[in-house]
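Thanks, everyone. Let me put the model up, and then we'll go through the aromatic rings.

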Amino acid sequence: MNLVPEKNSDFSTTEYWDSFFTKRKATFEWYGNYENLKRLLTKYISAKDIILMSGCGNSDLSLNLYSDGFINMTSVDNSEVVIANMNNKHKNKYPGLVYEIKDILNTKYANEKFSAVIDKGTLDALMPDGEVESLTRAMKMFNEIKRILKFGGRYICVSLLQYHIAQFIFSYFSENGWIIRVCQCTEVEDSPDFNGQPVFMVVCTKVNKIPGANPVLEWNPDGLTNERLDSIDDLLEIVIDTQKSVSMCFDLTKCQMEDMSNNYRFEINCSQTKKPRYTIMIVESPTQKNPNKMTFAAFIVPHGREHEWLFSSEEGQDILRRNCNVDRLAIISMHRGQIYKNLKQVQQELSRLMLKIAPQGVIKRGETILFLSLEQQLGDRKIIMESKSEHSGNFVIEEVIGQKNETYRRLVFLNMPHIIQSETKLLTENEEIKIDYSHFLSDYIPYLGLGVGILANRSNRESKILLIGLGGGVLANLLLNAYKNVNIVALEIDLVVYKIAKEAFGLLDNSRLEVNICDGLEYICNAVKNNDKYDAVVYDVDVKDPTLGLSGPPKAFLRQDILNNIKSLIGKDGLFLLNFVCRASDVKAEILHVLKTNFKQLTSLKIAEDINRVLLAGNGDKPFDAHLMEQTAAYMNQCTKSNPLIACDVIDISVLKENIEDI
């Protein structure tokens, strides 16, 4: 029996509903049954209220409320068929239940007769779209509700809150000065027949409009907490975000995410600050896709360790999932600037969400959500400085505790919060904090140093290096500590970053280091005009736009005119070294093609557990082969071991050969 109309506008016609209720005499509940709505609904009505049930249909909602003591109630509908059916069904057993044929657009009831009007799906039926005809019907209904409601009375609308409906109901009642509260009917989402569309209860309270006063708009996600909002747009945004997140969770339980391969990432915002509070990465088995058979767990990443390979890379995340022995793993990261009391509080806060993204088999089997972590603590993240840079935006310097209780200091720009700009390890000697110059966030730093080592090892004369991108100064420190015959001109566009390098990351004060605060592209052009020469030019500069597939260097540094200038600066025997970070395969292929066109020799060193590549380019005759790399690495290790600030090998020669990539 097909009861779906040919077009949405039919929902607003009496003829459709007469036909619907003629064919379907059994109870039909739109947007959940009484048990789904009872907790919220009974919060906003009392037994003393005179209630109008608008568009009652053949729902049992009126009967359920009547049975719970709400006896001053009139149920109306414009379908003669359904009103006749309901009267025949209830008039003998429940003589107090009143059903009347009324048009909610013009009820003919006395002014201010009712203290509550309950609308379960009526507005949605009258307003199937945002066209003028629908808006006119909704306006008439709202005007009628305003007329028949007492002062202090409530219009309680249960709706899917499609955008055109939400915008209209919020605008109408806020313009009339009414108090608007939007509640999420979460019990509907927990019911076994939930279809993925969240249901909302909009409670509009009739009060006198105060000239010049801001509208009272509230969001109530759990039936307990009210959040005051500044504008209709803010309330609309929350409703839309809720609809998206509930739909996503529903798809996850059914394992039917269309855009999901084996992982999916989303953020949960803090309701007070509107800023991200949790990042959730869903990692799935590539083989088990049956939602009734899948196993599930949630893993809480300790504070400050979300950057580690195990938690941030696809390969590491899948290894973590397999180690947890589940088909689906939710990897949960916490954000800086948020307050988390303890591990138990985080688990309680996330327990409902985890139930919503667990495969449906977990719920059917009645299993408790398993929360895992590396330890019974949340970890420690301490922000020691927050500020703003003209060039890079807001940033923080923070200290975090690692797995072995070691302390790391990090520079993070908040426009790219998941990327560590610079990192150093802190040592404590005689209660004094010192920099560990042997620690490197990534092997790309020693590998860039390895490229410079080719020059330092083959000549007794001093080498002059142009380093574009000082950052925290970790690479500059390595070059100064490793090679006594290397002089560095370092360029940094951001004076704030240079100060951070000196004050927080231990940039060495050395006569062989000259730092210029300037634009790197302008410096390169001027250096060519001045006929300056360098033995190597090193790019360690990032891209500030996190939406691009290229993270470094910026494309502007790879223009043909700039590459011509680089070749002029280094001559035939010089080296061009790049920290190359690119996720987009087409952009990567394009850049490598440009470099191969410009340089006779081009070699790539891959970095284990990272997307960084170190590119070595030059126009000399000698290739950057495995023999040269291993010979230089041995020399570099010899140099770093002899320096007490490092006193160890910085290159693992045993894996160096396999890290050389053909281009």
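**Rings and charges**

Start with K464: its charged end sits over the ring of Y534, 4.7 Å from the centre. By "over a ring" I mean NZ of Lys or CZ of Arg within 6 Å of the ring centre and within 35 degrees of the ring normal. K113 lies over the face of F114, at 5.6 Å from the ring centre.

A word on the basis. This is a predicted model, with pLDDT of at least 70 needed for local features and 80 or more for side-chain atom pairs, while totals for chains, interfaces and linings use all residues. Residues are numbered from 1 along each chain as its sequence is written, and side-chain values use heavy atoms, leaving out hydrogens and water.

Now ring pairs. Rings of Phe, Tyr and Trp (its six-membered ring) pair if their centres lie within 6.5 Å; planes under 30 degrees apart are stacked, over 60 edge-to-face, the rest tilted. How many aromatic pairs does a search of the whole structure find? The search finds 18.

Take F142 and F168. They are stacked, 5.7 Å centre to centre, with 20° between the planes. F142 is in helix 6 (residues 132-148) and F168 in helix 7 (residues 163-175), so the pair ties together parts 26 residues apart in sequence. Helices here are DSSP runs of H or I, at least four residues, and strands are runs of E, at least two, numbered from the N terminus. F142 counts as buried at 0% relative accessibility. F168, at 16%, counts as buried too. Buried means under 20% relative accessible area, exposed over 50%, partly exposed in between (1.4 Å probe, protein chains only).

Finally, ring pairs link F142, Y155, F168, Y172, F173 and W178 into a cluster.
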